[in-house]
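Trainee: Could you take me through one part of this model in detail? I would like to look closely at the surroundings of the ligand.

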Amino acid sequence: MAKLTFTGGIHPYDGKKLSKDKPIMDIMPGEKLIYPLSQHIGAPATPIVAKGDRVLRGQMIAEASGFVSSNIFSTVSGTVQAIEPHRVVTGDMINSIVIANDGLYEEVEYDAVNDIGLLGKEQILERIKNAGIVGMGGAGFPTHVKLSPKEPDKIEYCIANCAECEPYLTSDYRRMMETPEMLIEGLKCELKLFDKAMGILAVEDNKPDCIEKLRALTKDEPRIMVKALKTKYPQGSERQLIYATTKRAIDSSRLPADAGCIVNNVDTLCAIYNAVKNGKPLMERIVTVTGDAVRSPQNYRVYIGMSYSELIEAAGGFRTEPAKIVSGGPMMGFALFDLDVPTTKTASALLALTKDEVSRYEPTACINCGMCLEACPGRVMPKALAECAEHGDLERFEELNGMECCECGCCSFVCPAKRQLTQTIKSARKIILANRKKAGK
Ligand code: SF4
Ligand code: SF4
């Protein structure tokens, strides 16, 4: 049988063996936690606490300030020390709530339910919204918005993104191996919102143990199927995942819901279950701390708000001086220059590598080999787009469908001339999006 996949893509070294067999470990936070008010797409949350206030674990400290926004919760009990700008993984300074941890972990009472079946659609959505859940795969799009399409009856597939195609990342793998029931229950909560939809657990075929486990656990679930996908980067990218599982294509002008699909990643679905069943807000996530520069790579259950430096410390520190530190995966993550940044709802990994494959080579002239074109899953022309971007020709950039680029990094990865294609294209896209926003489009 032909394998489920998409056109283009690459096969980078996956590095997963460093942390794949490391069970999820809990680590406790230190004295100070930082909660940026923007850890989601949309308007920043508004603080509802002030300096000096005592807070409990699970207490809302910042409230969504619009429909596309998200609530933020304290993950410890303690005192609000400050509300001030703090650096985040992107390098930006973001207004943040700083909480001094009192080490007592006193919690609010959660509104758990015994039987999810008794909840109506509105109640399920409300619980997800109140819990401050956002796309935890990196996008940070508020989940209650994603789960409120204009025409819910047209949703035919709820796809669980279990691909985890980024090299080195193993947090989803560990979730699937250790708490698959939570993932499945999260998907079932989502299916309650869409009467006509089927659930798909979409897993790359380099995780046969997960596929087997999920198939066994869902064999009596008529609305859920497990689909094995060809292992190829970026299989977990939303458009590529939708195409591989349903053969439906979308572009940047259409949402997955326009093609009858809703996609959520593993951690997000687990958070949905925790919110709907246990009434718990989003306070933790699984983070892979890995790379050949890390002494003891590990998967951790992390309190949101902890510093990245605490995660590295927990993993035994650096084995050797890293050449590159990345928040997220090596293909789409953010290069870090400072570990004094907080973990947020979207932080999937902390990666420290001894070799920086990108900056150790000087780019040379294009040799017109066409490899970038062949690798591009967005079916655009990376070389031509990068040239437009370099010359500031944004009009031509748009004509060449530059906005269809998903910033996956495949073109830069394959380019023998080591041209920084993705970075250049990404900058042009950022300017165009900012211009559109300014023009109110
Ligand atoms: S142009 Fe964009 S979508 Fe195409 S390979 Fe490069 S980064 Fe990926
Ligand atoms: S891969 Fe690099 S060298 Fe080859 S065509 Fe693209 S930009 Fe030019």
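Mentor: Gladly! Around ligand 1 there are 16 residues, and Cys376, Gly378, Cys405, Cys408 and Cys411 come nearest; a residue is near a molecule if its C-beta atom, placed from the backbone, lies within 6 Å of it. Please keep in mind that this is a predicted model, in which local features need pLDDT of at least 70 and side-chain atom pairs count only at pLDDT 80 or more, while totals for chains, interfaces and linings use all residues. Residues are numbered from 1 along each chain as its sequence is written, and chains are lettered from A and ligands numbered from 1 in the order in which they are written.

By residue type, the shell around ligand 1 holds twelve nonpolar residues, three polar ones and one charged. Here Ala, Val, Leu, Ile, Met, Phe, Trp, Tyr, Cys and Pro count as nonpolar, Asp, Glu, Lys and Arg as charged, and the others, Gly among them, as polar.

Now for the elements that supply this shell. Helix 12 (410-414) and helix 13 (421-438) each give at least two residues to the shell around ligand 1. The largest share, three residues, comes from helix 13. Helices are DSSP runs of H or I with at least four residues, strands are runs of E with at least two, and both are numbered from the N terminus.

Elsewhere in the model, four strands form an open sheet with parallel pairing, in the order 11-10-9-12; two strands pair if DSSP finds at least two bridges between them. Strand 11 (224-229) and strand 12 (261-265) stand at its edges, each with a single partner strand, so one side of each is left without a neighbour in the sheet.
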